Amino acid sequence: MEHHTLRNLITFLFIGGVIGWLAGLIVRGRGFGVLADIVIGILGSIIGGWTAEVLGLSINSFFGEFMMAVLGAVVLVGLTRLIVRKV
């Protein structure tokens, strides 16, 4: 089992925040706030990775992984907006 250091956690949260912020810019024109951006970025990364796996895409670079995470976050933000509008 890999041990995560504080530096790895901070990097993970920072990248999640950037991804969430980018997704907020793409879909809404602005971010959602630091905490929400981080959560959206992390969940978007999971969605993007899962989607790539289901589609059989082989992503072997940081840029490819980053773009799939952003795409997943954009999908998450879009779905969230649809659900919130209908409620």
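Trainee: Which helix supplies the largest share of the lining of the largest pocket?
Mentor: That would be H2, with six residues of the lining. Keep in mind that we're looking at a predicted model.

Trainee: Okay, and which helices each supply at least two residues of that lining?
Mentor: Helix H1 (6-27), helix H2 (34-54) and helix H3 (62-86) each do.

Trainee: How much space lies in the largest pocket?
Mentor: About 340 Å³. The lining has 16 residues, and the closest to the pocket centre are Ile 15, Ile 19, Ser 45, Glu 65 and Ala 69.

Trainee: What's the lining like by class?
Mentor: It has 10 nonpolar, five polar and one charged residues.

Trainee: Let me step back to the fold. How many helices and strands are in the chain?
Mentor: There are three helices and zero strands. Read from the N terminus, the elements go α-α-α.

Trainee: What share of the chain counts as buried?
Mentor: The chain has 87 residues, and 26% of them count as buried. Its accessible surface is about 6,300 Å², with 72% of that belonging to carbon and sulfur atoms.

Trainee: And which residues make up the largest nonpolar core?
Mentor: Nine residues: Ile 19, Ala 23, Ile 40, Phe 66, Ala 69, Val 70, Ala 73, Leu 76 and Val 77. H1 and H3 are the elements that give two or more residues to this core, and H3 gives the most, with six. As background, nonpolar side chains in soluble globular proteins tend to be buried together.

Trainee: Nice. What share of the contacts with a separation of 6 or more comes from residues 24 or more positions apart?
Mentor: They account for 63% of those contacts.

Trainee: Why does Val 27 count as partly exposed?
Mentor: Because its relative accessible area is 23%, and the partly exposed class runs between the buried cut-off, under 20%, and the exposed one, over 50%.

Trainee: Switching to H2 then. Is Ala 52 buried or exposed?
Mentor: Ala 52 is buried, with a relative accessible area of 5%. Ala 52 lies in helix H2 and touches Leu 57, Ile 59 and Met 68, not counting residues up to four places away in sequence.

Trainee: How far is Ala 52 from Gly 72, C-alpha to C-alpha?
Mentor: The separation is 9.7 Å, and the two are 20 residues apart along the chain.

Trainee: What about Leu 35, is that one buried or exposed?
Mentor: Leu 35 lies in helix H2, and Leu 35 counts as exposed because its relative accessibility is 67%.

Definitions and conventions:
Residues are numbered from 1 along each chain as its sequence is written. This is a predicted model: local features need pLDDT of at least 70, side-chain atom pairs count only at pLDDT 80 or more; totals for chains, interfaces and linings use all residues. Side-chain values use heavy atoms; hydrogens and water are left out. On a 1 Å grid over the protein atoms alone, a cavity is a set of points where a 1.4 Å probe fits but cannot get out, and a pocket is an open set with protein on both sides within 12 Å along at least five of seven lines; lining residues have an atom within 4 Å of a point. Grid points are joined across faces, edges and corners, and a volume is the space filled by probe spheres set on the points. Helices (H or I, at least four residues) and strands (E, at least two) are DSSP runs, numbered from the N terminus. Ala, Val, Leu, Ile, Met, Phe, Trp, Tyr, Cys and Pro count as nonpolar, Asp, Glu, Lys and Arg as charged, and the others, Gly among them, as polar. A nonpolar core is a set of buried Ala, Val, Leu, Ile, Met, Phe, Trp, Tyr and Cys residues joined through side-chain atoms within 4.5 Å. Buried means under 20% relative accessible area, exposed over 50%, partly exposed in between (1.4 Å probe, protein chains only). Contact means heavy atoms within 4.5 Å. Accessible areas come from the Shrake-Rupley method with a 1.4 Å probe; for residues, only the protein chains shown count as cover.
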